[in-house]
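Subject: Structure for your files

Hello,

Here is the structure we discussed, followed by my notes on what was found in it.

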Amino acid sequence: MKTKAAIAWKAGAPLTIEEVDLAGPREGEVLVEIKATGICHTDYYTLSGADPEGIFPSILGHEGAGIVVDVGPGVKSLKKDDHVIPLYTPECRQCKFCLSQKTNLCQSIRSTQGRGLMPDATSRFSIDGKPIFHYMGTSTFSNYIVVPEIALAKIREDAPFDKVCYIGCGVTTGVGAVLFTAKVEAGANVVVFGLGGIGLNVIQAAKMVGADKIIGVDINPARQDIARKFGMTHFVNANEVENVVDTIVQLTDGGADYSFECIGNTTTMRQSLECCHKGWGQSIIIGVAAAGQEISTRPFQLVTGRVWKGSAFGGARGRTDVPKIVDWYMEGKLNIDDLITHRLKLDDINQGFDLMKSGESIRSVVLY
Ligand code: NAD
Ligand code: AHE
Ligand code: ZN
């Protein structure tokens, strides 16, 4: 079949909207009509050329929601017309990683996914017979996609696609980092570096669990109002204080219980660790830094009890946890609507990247 998609032909170039050939689902695969997709900073990161796994030409996008159109042989858990969210972190429930119950990082298809291919090492997308690569196993900047069954969360049918698509990455990443990775407890002091599409979700989850101080750090003063609305109690403009770490240590009487880096900058990653409380403070790294970047600190920071942790997809097990997060939104426990600041047609998707770069948008959603 044909599908309309935004193609990333090469690093740094605007996406172009084209008709693409899409082969049908094979064994264990599902054809999905994407109804809406968010644009995450990670899409921009890969498009910029900084991602060591970035492959071109490819179809980016990993924050979608849609409807099952057809299933391939052997698919048992999904049927035509089911509503789904594609998962860039699948959940096979069989690999060593899934069975460990210690991580959400299912590895059953990670190597082919990282090479822009389906599990049988081929692509379903092509133009004039030449393959176009998948991205993060999802490629939600295409109206129709083929994905493995294990990379789809089945969600309730009354959930609006144009909102819950954001649960495909940003909401789950931010909320999950608080609930599943850090397990923040009531009364904790929390610091959030970067008040964008991820950081604001960290803030709303920190408020949800009853955190005491919730300190936001950003260089864009326009982020202050929305962050306060979501639960931030104190704002630090990193450009206006002499020393970000000292400022946080003073505000928290010794340091943060939990800090979250939601920028992807190695300087703020170090600050995120060093602003933590001696003896127990945990810094959770969510931001993705470019190829070749490294983090450093004085080992004494770790010897004296501060902890550096990472979080991918909020530590969420997609097929298990994503339907629950959709429920929380539908029950009014999570505010997604106010974070979706812009709605675009696929033809205008490049505007979404411009709005992100200029700091005007929190999340742009593309509607098919
Ligand atoms: P975003 O562009 O919406 O937000 C980034 C925020 O950081 C902005 O508010 C910006 O003003 C602020 N910022 C930039 N430089 C800063 C600095 N030096 N000091 C303080 N604030 C600064 O991005 P996003 O979509 O929220 O994504 C944030 C990061 O998280 C990206 O690196 C993205 O790739 C990553 N990410 C990781 C995961 C994961 O699973 N680990 C999932 C989604 C996104
Ligand atoms: N190819 C990138 C990986 C970037 C990365 O860490 N991605 C996150 C999700 S970001 C979503 O917006 C992730 O899930 N990581 C775990 C994994 O297995 O990729 C790079 O920098 O190499
Ligand atoms: Zn993302």
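Domain bounds here come from an automatic or database domain assignment. The model is predicted, with local features needing pLDDT of at least 70 and side-chain atom pairs counting only at pLDDT 80 or more, while totals for chains, interfaces and linings use all residues. Residues are numbered from 1 along each chain as its sequence is written, and chains are lettered from A and ligands numbered from 1 in the order in which they are written.

Domains

Across the boundary, 11 residues of domain 1 are in contact with 10 residues of domain 2 (contact means that the C-beta atoms, placed from the backbone, lie within 7 Å). On the domain 1 side, helix H1 (residues 41-48) gives the largest share, 3 residues. Helices (H or I, at least four residues) and strands (E, at least two) are DSSP runs, numbered from the N terminus. That side of domain 1 consists of 6 nonpolar, 3 polar and 2 charged residues. For these classes, Ala, Val, Leu, Ile, Met, Phe, Trp, Tyr, Cys and Pro count as nonpolar, Asp, Glu, Lys and Arg as charged, and the others, Gly among them, as polar.

Ligand 1

Ligand 1 is surrounded by 33 residues, of which His 41, Gly 194, Gly 196, Ile 198 and Gly 264 are the closest (a residue is near a molecule if its C-beta atom, placed from the backbone, lies within 6 Å of it). Two or more residues each come from H1, helix H5 (170-182) and strand E11 (214-218), with H1 giving the largest share, 3 residues. By class, the shell has 16 nonpolar, 15 polar and 2 charged residues. Both domain 1 and domain 2 contribute to this shell, so ligand 1 lies between them.

The sheet

An open sheet of 6 strands runs in the order E12-E11-E10-E13-E14-E15, with parallel pairing (two strands pair if DSSP finds at least two bridges between them). Strands E12 (234-237) and E15 (307-310) are at the edges with a single partner strand each, so one side of each has no neighbour in the sheet. From one strand to the next, the twist averages 20°. E13 (residues 258-261) and E14 (residues 282-285) pair over 4 bridges, and Tyr 258 has Gln 282 in E14 as its bridge partner. Helix H9 (residues 266-274) packs on the sheet, touching E10 (190-193), E13, E14 and E15, and its direction makes about 175° with that of E13. Axes are lines fitted to C-alpha atoms, for helices over the stretch in contact, and angles run from 0 to 180 degrees between N-to-C directions.

Regards

Note on methods: Contact = placed C-beta atoms within 7 Å.
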